Amino acid sequence: MTELPSVDDVNQASQALGLGANAAELHGGLCGWLSAGGAPVREWPARVLADDNLPLPAEDDPLSQLLQASVAQLEDRDFAFELLLSDASDTAAQADALFTWARAFLGGFGLGSGGRRPTLSEEGEEALNDLAKLAQASSEDFESGNDDDEDALAEIEEFIRVAVLLLHGDCVMAARHRQRLN
């Protein structure tokens, strides 16, 4: 399964479990966790949101589907990875979701690395630093209906997508490759 569940389904599942996080936060945190080498475990919301008291999602729940699809997309050799952001057509809402996703990714990446500084390529270091800068951005800089702003958001989303794949490659795929060589 490589297709992500809908934003609506993830938001409803989050609300039902009392997670207090929206789809962009959950997906960003999950992808950060996985990209840093965090295990794809059923209790991922508790790990990603750093709250061991959170309930487990059901096996057929949209949150379990989100985990399965995210793992598959990050591992896809055709680079089919997508960000789960927002269904809103409003540019400011899309920007909010994008920057929330980036902030959550950084949090998940820190938690997934277990407090140790992962070994990154030069490109990976640069991508992580650029993601940190993007995470500080705000939707206040974007106007609805402005084609330039919509184009800029699309470019930022594509940059984040590629940066995540690069970081996942540095932390997860490279580690697997090294293990096979030994």
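These are my notebook entries on what I looked up in this predicted model.

**Ground rules**

I number residues from 1 along each chain as its sequence is written. As the model is predicted, local features need pLDDT of at least 70 and side-chain atom pairs count only at pLDDT 80 or more, while totals for chains, interfaces and linings use all residues; side-chain values use heavy atoms, with hydrogens and water left out.

**Entry: aromatic rings**

I began with the rings. A pair of aromatic rings is described by the distance of the centres and the angle of the planes. For my search, rings of Phe, Tyr and Trp (its six-membered ring) pair if their centres lie within 6.5 Å; planes under 30 degrees apart count as stacked, over 60 as edge-to-face and the rest as tilted. How many aromatic pairs does the whole structure hold? I found three. One of them joins Phe105 and Phe109, which are stacked at 5.8 Å centre to centre with 25° between the planes. Ring pairs also tie Phe81, Trp101, Phe105 and Phe109 into a cluster.

Where do Phe105 and Phe109 sit? I see both in helix H5 (residues 91–112), four residues apart, or about one turn of the helix. Helices here are DSSP runs (H or I, at least four residues), as strands are (E, at least two), and they are numbered from the N terminus. An α-helix has 3.6 residues a turn, so residues three or four places apart point the same way.

Next I checked accessibility, where buried means under 20% relative accessible area, exposed over 50%, and partly exposed in between (1.4 Å probe, protein chains only). Phe105 has a relative accessible area of 0%, so I note it as buried. Phe109 is at 5% and is buried too.

**Entry: the nonpolar core**

Which of its 51 residues touch the most other members? They are Trp44, Phe81, Trp101, Phe105, Phe109 and Ile160. Helices giving two or more residues to this core include H1 (7–17), H2 (23–35), H4 (62–75) and H7 (147–181). H7 supplies the largest share, nine residues.

For Phe105 I listed contacts (heavy atoms within 4.5 Å). Leaving out residues up to four places away in sequence, Phe105 touches Gly28, Gly29, Cys31, Gly32, Ser35, Leu131, Val164 and Leu167.

**Entry: cysteines**

The whole structure has zero disulfides. Cys31 is buried at 0% relative accessibility, and Cys171 is buried at 12%.

**Entry: helix H2 and His27**

I stayed with H2, which is mostly covered, with 12 of its 13 residues buried. Among them are His27, Gly28, Gly29, Cys31 and Trp33.

At the N-terminal end, Asn22 caps H2 through a side-chain oxygen 3.1 Å from the backbone nitrogen of Ala24. After H2 comes Gly37, whose phi is positive, near 105°.

**Entry: positive phi outside glycine**

Last, I noted two backbone angles. Ala50 is not a glycine, yet its phi is positive at about 55°. Ala50 lies in the loop between H3 and H4 and is exposed at 57% relative accessibility. Phe79 has a positive phi near 60°. I place Phe79 in the loop between H4 and H5, exposed at 55%.

Note on methods. Disulfide = S-S within 2.5 Å. Core = buried A, V, L, I, M, F, W, Y, C linked by side-chain atoms within 4.5 Å. Polar contact = N/O pair within 3.5 Å; in protein donor to acceptor, adjacent residues only side chain to side chain.
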